Amino acid sequence: MPSPKTVASKPRNVVAPDSSSPRLPPTPVLLQQPSHKKGQWKSTKLFRRVKSVFRSFPVINPPCKMPVSNRLHEGHIHGGKQMTGTLFGFRKARVNLSIQENPRGVPLLVLELSIQTGKLLQDMGSGLVRIALECEKNHSEKLKLIDEPIWTMYCNGRKVGYAVKRGPTEDDLKVMQNLHAVSMGAGVLPSESSEGELTYMRAFFERTVGSKDSETYYMMNPNGTSGPELSIFFVRI
């Protein structure tokens, strides 16, 4: 498999400009549209309603039906499509996952995961992390798999809550614009939020489609080197 080209990421420690300095105009969002047209993104109001609904769900612990791909071999998946995946968020807030066709593209998928950013990055630093996202089939609706709005989330086989799909917000697009020159890397971005700096990690993911009801995204490490291991399974049951 050819090694993905690595573009140097922004420094880990970015110092915010002095408040007394003149403010620079905001960076315009110049991301590329996906190669295939998508429908309109759901509104933020609808997203908030969905969040309020899934937060009221009772806590249950059904067994995780994580799919096992026969294309897995020595920690790699062969024959998939290369995508750009970005995990980002404030350390004590929920982590967001963005999937793009390339680092300069508008996200095809944005998910808010029910795990703190700092906790997920800590788990990835200590070993393999497998995230399984499950949802039930609705035969009355014919949605694409990645268009499903709510997912039950498992991390290494343990249920940790729910994940919610949403359209990219203005803040999401600004993050993607700031990282448009970064192919792979990790660090922090300055933020005006009281929650501090925004942490990110970006890498290439290999996407394989098992069926209309299952997809897998596997993080690729450059040149076969060891590093954070992350697999994300989408399955509709």
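In which strand is the place of Ser-214? In this predicted model, Ser-214 lies in strand 11, which covers residues 214–219. The relative accessible area of Ser-214 is 17%, and the residue is therefore buried, the limit being 20%. Apart from neighbours within four places in sequence, Ser-214 is in contact with Leu-145, Val-209, Phe-234 and Val-235. Ser-214 and Ile-237 are separated by 23 residues in sequence, and their C-alpha atoms lie 9.0 Å apart.

The protein chain has 237 residues, of which 43% count as buried. Its secondary structure consists of three helices and 12 strands. Among contacts in the chain with a separation of 6 or more, 62% are between residues 24 or more positions apart. The chain exposes about 13500 Å², and carbon and sulfur atoms supply 53% of this area.

The mean pLDDT is 77, and 66% of the residues reach 70 or more. Over residues 1–25, pLDDT stays under 50, and the model has 38 contacts beyond four places in sequence for this segment.

Val-164 has 1% relative accessibility and so counts as buried.

Two aromatic pairs were counted. In one of them, Trp-151 and Phe-234 are arranged edge-to-face, with 5.2 Å from centre to centre and 80° between the planes. This pair links distant parts of the chain, since Trp-151 belongs to strand 7 (residues 150–155) and Phe-234 to strand 12 (residues 229–236), 83 residues apart. Trp-151 is buried, with a relative accessible area of 1%, and Phe-234 is likewise buried at 1% relative accessibility. Tyr-217 and Phe-234 have ring centres 5.6 Å apart and planes at 70°, so this pair is also edge-to-face. Here too distant parts of the chain are linked, with Tyr-217 in strand 11 and Phe-234 in strand 12, 17 residues apart. Tyr-217 and Phe-234 are both buried. Together, Trp-151, Tyr-217 and Phe-234 make up one aromatic cluster. Phe-234 is also one of the contacts of Ser-214.

Side chains of opposite charge can pair when their charged atoms come close. The count of salt bridges in the model is eight. One of these joins Asp-123 to Lys-119, with 2.8 Å between the closest N and O atoms. The two residues are four apart in helix 2 (residues 117–126) and are therefore separated by about one helical turn. Asp-123 counts as buried at 19% relative accessibility, whereas Lys-119 is partly exposed, with a relative accessible area of 36%.

A salt bridge between Lys-137 and Asp-213 has its closest N and O atoms 3.2 Å apart. It connects distant parts of the chain: Lys-137 is in the loop between strand 6 (128–135) and strand 7, while Asp-213 is in the loop between strand 10 and strand 11, 76 residues apart. Lys-137 is partly exposed at 40% relative accessibility, and Asp-213 is buried at 11%. These two residues belong to a network of salt bridges that links Lys-137, Glu-148, Asp-213 and Arg-236.

Arg-207 and Glu-215 also meet through their side chains in a salt bridge, at 3.1 Å from N to O. Arg-207 is partly exposed, with a relative accessible area of 23%, whereas Glu-215 is buried, with a relative accessible area of 8%.

Terms used: Residues are numbered from 1 along each chain as its sequence is written. Side-chain values use heavy atoms; hydrogens and water are left out. Buried means under 20% relative accessible area, exposed over 50%, partly exposed in between (1.4 Å probe, protein chains only). Contact means heavy atoms within 4.5 Å. Accessible areas come from the Shrake-Rupley method with a 1.4 Å probe; for residues, only the protein chains shown count as cover. pLDDT is the predictor's confidence in each residue, from 0 to 100. Rings of Phe, Tyr and Trp (its six-membered ring) pair if their centres lie within 6.5 Å; planes under 30 degrees apart count as stacked, over 60 as edge-to-face and the rest as tilted. A salt bridge is a side-chain nitrogen of Lys or Arg within 4 Å of a carboxyl oxygen of Asp or Glu.
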